Amino acid sequence: METSAAADPALEAGRVLFAGECVFVASIARIDQVPAADLPEIAFAGRSNVGKSSLVNALTGRKTLARVSNTPGRTRLLNFFRLGGRLSLVDLPGYGYARASKREIAAWTGLVFDYLRGRPGLVRVLLLIDARHGIKDADREAMALLEAGEAARGRAGYCSPQPWS
């Protein structure tokens with residue numbers, strides 16, 4: 001059985017999309033600053049320092065597109081990237097422990113949850129879980145929020161892949 005991307009046209013299309021141009025659009029600190037939702041959005045969510053920014057860089061084949069750090073809480077804004085004019089990637093600040101004041105952490109956690117709760121162009125959320133630490137209470141809260149959002153939109157449950165055409 002052939003498993004190469006060339007054997008599956010959808011895999012090859014995805015490879016080409018992620019290998020193409022990816023540009024930074026904006027970093028936002030308040031929900032009223034989000035760019036227009038003119039493309040489908042995929043958001044990367046999870047606890048602080050779980051690897052969201054590293055995953056964005058790995059998927060796009062770039063080392064410095066999304067800023068990475070070993071210090072929890074470095075990503076404090078919602079960072080929007082446009083991928084090949086067909087898709088937006090959103091690198092979200094982490095929730096949970098961070099080297100920041102409780103007030104700052106509460107502010108960006110609220111921003112993340114506001115974004116996840118009401119973004120019309122959001123088609124997927126990749127919730128990263130650190131296998132070394134397992135699912136924490138904050139992860140369960142994020143899952144409940146995502147599930148409630150899906151139910152409110154009438155799309156509860158797992159989503160099947162959809163073409164981006």
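Figure 1. The protein exposes about 9,800 Å², of which carbon and sulfur atoms supply 55%; accessible areas come from the Shrake-Rupley method with a 1.4 Å probe, and for residues only the protein chains shown count as cover. This is a predicted model, in which local features need pLDDT of at least 70 and side-chain atom pairs count only at pLDDT 80 or more, while totals for chains, interfaces and linings use all residues. Residues are numbered from 1 along each chain as its sequence is written, and side-chain values use heavy atoms, with hydrogens and water left out. Of the 165 residues, 35% count as buried (buried: under 20% relative accessible area; exposed: over 50%; partly exposed: in between). The secondary structure comes to four helices and five strands, being DSSP runs of H or I of at least four residues and of E of at least two, numbered from the N terminus.

**Figure 2. The open sheet of five strands.** The strand order is β1-β3-β4-β2-β5, with mixed pairing; two strands pair if DSSP finds at least two bridges between them. Strands β1 (22–28) and β5 (122–128) are the edges, each pairing on one side only. Strand β2 (residues 41–46) pairs with β5 in the parallel sense over six bridges. In this pairing, isoleucine 42 stands opposite arginine 124 in β5.

**Figure 3. Helix α3 and its buried residues.** Helix α3 (residues 102–118) has 17 residues and should span 24 Å at 1.5 Å a residue, which agrees with the 24 Å between its end C-alpha atoms; the expected span is 1.5 Å times one less than the number of residues. The buried residues of α3 include Trp108, Leu111, Val112 and Tyr115. An α-helix has 3.6 residues a turn, so residues three or four places apart point the same way.

**Figure 4. Two aromatic pairs.** A search of the whole structure finds two aromatic pairs; rings of Phe, Tyr and Trp (its six-membered ring) pair if their centres lie within 6.5 Å, with planes under 30 degrees apart counted as stacked, over 60 as edge-to-face and the rest as tilted. Phenylalanine 24 and phenylalanine 81 form an edge-to-face pair, 5.9 Å centre to centre with 65° between the planes. Phenylalanine 24 lies in strand β1 and phenylalanine 81 in strand β3, so this pair ties together parts 57 residues apart in sequence. Phenylalanine 24 is partly exposed at 47% relative accessibility, whereas phenylalanine 81 is buried at 1%. The rings of phenylalanine 80 and tyrosine 115 have centres 6.1 Å apart and planes at 80°, so that pair is edge-to-face.

Conventions: Buried < 20%, exposed > 50% of the residue type's maximum accessible area, 1.4 Å probe, protein only.
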